[in-house]
Amino acid sequence: MKMILIFFLLVTAFTSYAKEFEQGRVITELPQVLSFKERVEPLNRLVIDRLDNLLPKLMDEVDLDMWLVINREYGEDKLFYTLVPQPTFAARRTTILVFAKKEDGSIERFSVSRYAIADVYPTVWEGGTSEEQWKKLADVIAERDPEKIGINISEDSALSDGLSVGLHRKLLNFLPDTYKSRLVSAEDLVVRWLETRSENELNVYPQIVTIARGVIAEAFSNKVITPGVTTTDDIAWYLRERFEELQLRPWFQPYVNIQRKGDKTSKGDVFMGEYGRTVLPGDVLHTDVGICYFNMCTDTQEMAYVLNMDETDAPKGLKKALAVGNRWQDILTGNFKTGLKGNQILANTIKQSESAGIKSSTYTHPIGFVGHASGPTIGMWDNQGPTPVQGDWKLYANTAYAIEGNITIQVPEWNDQWLQIKLEQSAVFDGKKVWYLAGRQTQWHLVR
């Protein structure tokens, strides 16, 4: 009963939660964060729901009859952990997952391994030698006689390339020629599996992003910062240790930097921000943070201003700068249309931003099971032109993105010095519109 209640509390209606805070939201309270033990049952419900209801649709969409996910203990396909229930820490010896399309469109799933994986993957092999295991796999393939067999090999997508060279060779050694010729890359299926969020996941996702934004709000406050004493490294480590305290390990080390009136650089007209500095009144702070919880990751960048003694609010120039950043976000998300390629969205965004007089850089990426996830790339920080392959992937509904980029603008209060506003918020595209999963930053974090 307790687990059912916990799951109910987690699954808040997406339309009444994320959409309510589409424009701006100040996070003042963190949602409940479950212990590792408490996470197991609701997390496994999400996994099984995806296997039962999403996978059949995707295998039909990409026209695959069978999908093999072959893993070696301690060298698992990264994808393996999105397919199995928790707590699962590793494959056991060689673990082979098989997904076979049935005549009614449903998917038969099982393992050709020494052990079943809970009751999610019963095994069809009773154990024995490695040779016997591979022969059994060949037998079950022949029994089902699939026309197209997907395996995880890809030249372009890292997360679609999880089948090791050694295991690929073994598969080819034991398959009859008839079935070797039916092996194809499962890249399209893997990308669609990784990028698509289920309805239940979209109900939980806003709370995950709220946690990330809430901890940033803590870090960018006098709870953590004492001007003249606290360094950017102190703030970064507070973020790291606060997440660890919540049993939420960041997927990269958080960082914090400073832009300050009077800063100079020989690398151009924009000072990008330095690390390892002591925070002083009048500073502009920036952080980048990402966590993962319930198999879904966040990626968030926000800005703070440290008030001078005679100030009660950020200067008008900084408020305008943040508003211009929000306008750039609106231009970008307004270009999200089902079927458009990432490169097309980027080109449209650049054109409209330039027409609006906004100096911007767009480098938005998919987010989900990992921070830099599968799906259409919309610009790179070091390339504002087309991105080969990943930039040509199309936009689909129910996919999540880190709306990431920056604008640069001159600040009158800083003697027209250039300032960079770097923003990143996790959002979902529902097929018609982009929704920020836990709001977005529309006002400065203020530190006295």
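Biologist: What rules apply to residue numbers and to the values used here?
Modeller: Residues are numbered from 1 along each chain as its sequence is written, and side-chain values use heavy atoms, with hydrogens and water left out. The model is predicted, and local features need pLDDT of at least 70, side-chain atom pairs count only at pLDDT 80 or more, and totals for chains, interfaces and linings use all residues.

Biologist: How many helices and strands does the protein chain have?
Modeller: Both kinds of element are DSSP runs, numbered from the N terminus: helices are H or I with at least four residues, strands E with at least two. By that rule, the protein chain has 12 helices and 16 strands.

Biologist: What is the radius of gyration of the protein chain?
Modeller: The radius is taken over C-alpha atoms, and the globule rule is 2.2 Å times the number of residues to the power 0.38. For 448 residues the rule gives 22 Å, and the chain comes close to that, so it is as compact as a globular protein of that length. The value is 24 Å.

Biologist: What share of the 448 residues is buried?
Modeller: Buried means under 20% relative accessible area, exposed over 50%, partly exposed in between, with a 1.4 Å probe and protein chains only. Buried residues make up 56%.

Biologist: Which residue in β2 stands opposite Asn71?
Modeller: Strand β1 covers residues 66–72 and β2 covers 94–101. They run antiparallel, joined by seven bridges. Opposite Asn71 stands Thr95.

Biologist: Which residue of β7 is the bridge partner of Ile258?
Modeller: Four of the five residues of β6 (residues 255–259) are buried, so that strand is largely enclosed by the rest of the structure. β6 pairs with β7 (residues 284–289) in the antiparallel sense over five bridges. The partner of Ile258 is Leu285.

Biologist: Which residue meets Arg192 in a salt bridge?
Modeller: A salt bridge is a side-chain nitrogen of Lys or Arg within 4 Å of a carboxyl oxygen of Asp or Glu. Here the N to O distance is 2.7 Å. The pair links helix α8 (residues 187–195) to helix α3, 131 residues apart.

Biologist: Which residue forms a salt bridge with Asp263?
Modeller: The closest N and O atoms are 3.1 Å apart. Both residues sit in the loop between β6 and β7, 14 residues apart. Asp263 is buried at 13% relative accessibility. Its partner, buried at 14%, is Arg277.

Biologist: How many salt bridges does the structure hold?
Modeller: Among them is Glu244 with Arg249, closest N and O atoms 3.0 Å apart. Glu218, Lys223, Arg242 and Glu245 are linked in a network. The structure holds 25.

How values were computed:
Pairing = 2+ DSSP bridges.
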